[in-house]
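Me: I would like to go through this structure step by step. Could you show it first?
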Amino acid sequence: MKVKIGLEIHVQLLTKSKLFCSCSTNYENKEPNENTCPICLGFPGSKPKVNKKALDFGIMVALALNCKIAEKTFFSRKSYFYPDMSKNYQITQYEIPLAKNGFLEIGKKKIRIRRVHLEEDPAKLIHVGKDITSAQHVLIDYNRSGIPLVEIVTEPDFENPREVREFLEKLSSILEHLEVYDSSKEGSMRIDVNISLEGGERVEIKNISGFKRIEKALMYEIVRQENLRRLGLKVKRETRHFDERSGLTFSLRKKEVEEDYGYIFDTDLPVVEISKGWVNSLAKSMPELPHKRVERFVEEFNLPKERAKVLVYTDKQLADFFEKCAEVYKNYERLSKWIVTDLLKCLNWHGIRINQSKVKVESFAELLKLIDEGEITERLAKEIIKEYVNTGKSPSKIIEEKGLRLIRDEKEIEKVIKIVLAENRKAVKDYRKGERKALNFLIGKVLQKTNKRIDPKVIRKIIKKALNEDCTKKPR
Amino acid sequence: MLIEPVSIHAQKIREGKIELGNFFSKILREIKRIQEEYNPFITIVEKSRIENEKGKLAGIIVSVKDNICTEGIRTTAGSLILQNYIPPFDATVVERVKKEGGVIIGKTCMDEFGFGTFSVNCAYGIPKNPYDKERSCGGSSGGAACIAALADFPHIAIAESTGGSISCPAAFCGVVGITPTYGRVSRWGLIDYANSLDKIGVIGKCVEDVALGLSIIGGYDEKDSTSLNIPEEDFMRYLNENIEKVKIAIPKEYFENVDDEIKERVWDGIKKLEGEGAVYEEVSLPTTKYVIPTYYIIAVSEASTNLAKFCGIRYGLHLPLEGNFNEYFSKVRSEGFGKEAKRRIILGTYARMAGFRDAYYLRAMKVRTKIISDFKKVFKKFDVIISPTMPVLPPKFDEIEKLKPIEVYMMDILTVGPNLAGIPMISVPCGFVKGLPVGMHIMADHLEEKKCLKVAYAFEKVKK
């Protein structure tokens, strides 16, 4: 059955202050309700004042999404009563948004962007108890109230959950490259999804954080709707909530009619005139967008396009790390390969981003240099990376402590090989009989004995020689 | 009664000629006596302080309408829903008054949130007209005009107008009230009625007093995004300007449906101005018939959003936490809001609803621009517009009770037009009818307070 999906994405902008007051946007280490003022608390007599940086960021996002920027824009009041609304209306944009009619391509497909606008974040509700349905009471933390959000609304152009995830990954990369968003901040991107099966009613799933959850939620919802269809039942038009633990969506409230928000202009705030000069100066000073960065990586560092894409789109911080390392380590092929394979694997295993890890440019480059110089094997390096990411100890320190330097002295290697051959007579016999596997077995034993401190290629060369010599010594 | 401008008193204070301690305690006694009889105050400040004995308002007693925030002093906006609210910050106008040595003596009675024309919608008692205790002071700044009229100590009142709430009580109490150009005075700290219409102004005994007051409270404030970034003006310097050849427009629509005797007094006034060299001509403001619905639709729409914040969560009236959020806040609002507040919230919500929004709210916004252009057209040729301030004499309380809401709204017919346009206006006393004061309304183009003031000042002089 054909599926139609549309997204409403709310992104917290990395301005220093909130959208309408000078409270900080960084409240991580603050007590609840400590990061507030009369404006974001909605005290009588207080008035909002627009943060110009937020407008700058909004315009940059709109430009990156190929939108048409409004010449004049203004703010509206979206009126509804809810405990997280300090004024019981949200200052947002309704009639004339900041920008509209853009697009973002995923592969060959163009996803149309209906509008991009600014609005303020409501307060955070903490449901005391298990979750939204079973909580006995709710606590309100206004630290988040007034944080600037950019809202991006797409047309219902998505046809499956995979496209949604690809889109969001690409969008996330663009926003990080614009330096207006930090994906490691909790709740910094929240998504409402509208989904319907062909000819059926639209269901809204609200407030999903994170890409993995979106795919899960959508897959469950599609199955749920398909099942209803199969049973001959109608899909109700409603708002649902996604519970991450169970992987299910469940009904929050019936969405029979569009909620009536009674929009009026916010006459505390003047009309914002967006001149061509303003837009142009932002466009000129905009940070490099990911697709341009990929092109540059291919050009400047001679990377294969696919690898450049992975480097850039997986995580901006990773691409930044690559560039910094590239200043001191010039084997770009090896550098990029190690970053997108082993390093990334370790980071993912720990569930952290590179900036949250203890990995440093100098020591990482050093590790790669050691491989180049033959001091350690690639295999060993893989082991070392794990410990490096884990503890932050520099690779050379790890090598010291664990005595992991490669044994290169041929005489030493011969000695070890002799011992291994003596300890594994059956395998030697098998080798003589012609079993190739026995050779690998013996090499493995040597590696084991020396803690992998010999280059397998060298082992193979020397052990073959030793076996042949051994051959000539027939037992009496 | 000889009226001495408050500036003379301020000068004496600056020169150290007045013993402050005695002075304040005497005034407090006087205020309490007036309060007993006429009830102009919601809150009286027992311990007043003067912060600057060299300031331009040094030692002048200042009353503040209770919808303007005063730090540490209860501010209710005339409503039960803010009955114990103590603001954590001063409104900008209050800061400016204090900085110049003005002494805040109390918060004056008003129709709840500004909703009214007679100050009868005040949850803390109704102020009585100084000329007849059975009659209204006007509204919504009724308390301010009342104390301004009765004070026999140097005093000015900081008041506020959305649709005429400075002019109306000034006229009904026989005092002077100036409403400045929208944006001239910062609204930071003003509890909103309608953000595109609210203006803070001054009520006092004479033109010079309100000119002084306005000079102090006016000026750009970056905390208010609608505050005009223009140089501050000293309005006192325009007072003595010659009014010869000043062109006065008389809008014929503003003389329809007005008490005959009121019209007579106003015409007397106009003739006196003619005697001083001004010239007048009849004009038409054809959009006058739309001003009431336009004003009320815009004002209540904005008000219904402004009042949404009062839900018993962070400040103001709160009740035992029972039920869910919807049940709780509905209870708080039912108990805390008066009838007129509820009426306007419902009307305002209705006018904004999908399906009605185009016909009401958006339509009213369009008509407003037409009303403004009517005024602008007149001001191309004329310096000021003059009309009666109110169509009737101050009514009796029992008459008011019999009025239907729409009849009450129609009382604002002469003041909502200029208020919608955001132009400056001043109401000056121009005589009595049956012992009750009558006001003459002088309006000028945006930012031309100086024209209102010089005409008003000249009139005041010649009236004597």
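Me: Where in chain A does A:Leu139 lie?
Reply: This is a predicted model. In it, A:Leu139 belongs to strand β9 of chain A, which covers residues 137–141.

Me: Is A:Leu139 buried, partly exposed or exposed, and why?
Reply: A:Leu139 counts as partly exposed because its relative accessibility is 45%.

Me: Now the inside. How many residues are in the largest nonpolar core?
Reply: The largest nonpolar core has 126 residues, and the ones with the most contacts inside it are B:Phe113, B:Ile386 and B:Ile426. Helix α11 of chain B, residues 358–381, supplies the largest share of this core, namely eight residues. Apart from it lies another core, of 65 residues, which includes A:Ile59, A:Ile214, A:Ile222 and A:Met286.

Me: What does B:Phe113 touch?
Reply: Leaving out residues up to four places away in sequence, B:Phe113 touches several residues, among them B:Ile81, B:Leu82, B:Ile191, B:Leu307, B:Phe310 and B:Phe337. B:Ala77, B:Ser79 and B:Tyr193 are also touched by B:Phe113.

Me: Why would nonpolar side chains be found together?
Reply: In soluble globular proteins, such side chains tend to be buried together.

Me: Next, B:Ile42. Is B:Ile42 buried or exposed?
Reply: B:Ile42 counts as buried, since its relative accessibility is 11%. B:Ile42 is found in strand β1 of chain B, residues 41–44.

Me: Which residues are in contact with B:Ile42?
Reply: Setting aside neighbours within four places in sequence, B:Ile42 is in contact with residues including B:Asp66, B:Arg74, B:Thr76, B:Lys107, B:Cys109, B:Met110 and B:Tyr124.

Me: And what separates the C-alpha atoms of B:Ile42 and B:Gly102?
Reply: Those C-alpha atoms are separated by 19 Å, and the two residues are 60 residues apart along the chain.

Me: Changing topic: how many residues does each chain bring to the contact between chain A and chain B?
Reply: Chain B brings 38 residues and chain A brings 35 residues. The area buried between the two chains is about 2,900 Å², with carbon and sulfur atoms giving 59% of it.

Me: How many salt bridges cross that interface?
Reply: Three salt bridges are found across the interface of chain B and chain A. A salt bridge joins the side chains of A:Asp268 and B:Arg187, at 2.8 Å from N to O. Over all chains, the count comes to 69 salt bridges.

Me: Where do A:Lys52 and A:Asp56 lie?
Reply: Both lie in helix α1 of chain A, residues 52–64, and they are four residues apart, about one turn of the helix. A:Lys52 is partly exposed because its relative accessible area is 47%, whereas A:Asp56 is buried, with a relative accessible area of 10%.

Me: What about B:Glu449 and B:Arg184: buried or exposed?
Reply: Both of these residues are buried. Their side chains meet in a salt bridge of 2.7 Å, N to O. This pair links distant parts of the chain, as B:Glu449 is in helix α15 and B:Arg184 is in the loop between β7 and β8 of chain B, 265 residues apart.

Notes: Residues numbered from 1 in each chain as written. Chains lettered and ligands numbered in written order. Predicted model: local features only at pLDDT ≥ 70, side-chain atom pairs only at ≥ 80, totals over all residues. Heavy atoms only, no water. Helix = DSSP H or I, 4+ residues; strand = E, 2+ residues; numbered from the N terminus. Buried < 20%, exposed > 50% of the residue type's maximum accessible area, 1.4 Å probe, protein only. Core = buried A, V, L, I, M, F, W, Y, C linked by side-chain atoms within 4.5 Å. Contact = heavy atoms within 4.5 Å. Buried area = accessible area lost by both parts, 1.4 Å probe. Salt bridge = Lys/Arg side-chain N within 4 Å of Asp/Glu carboxyl O.
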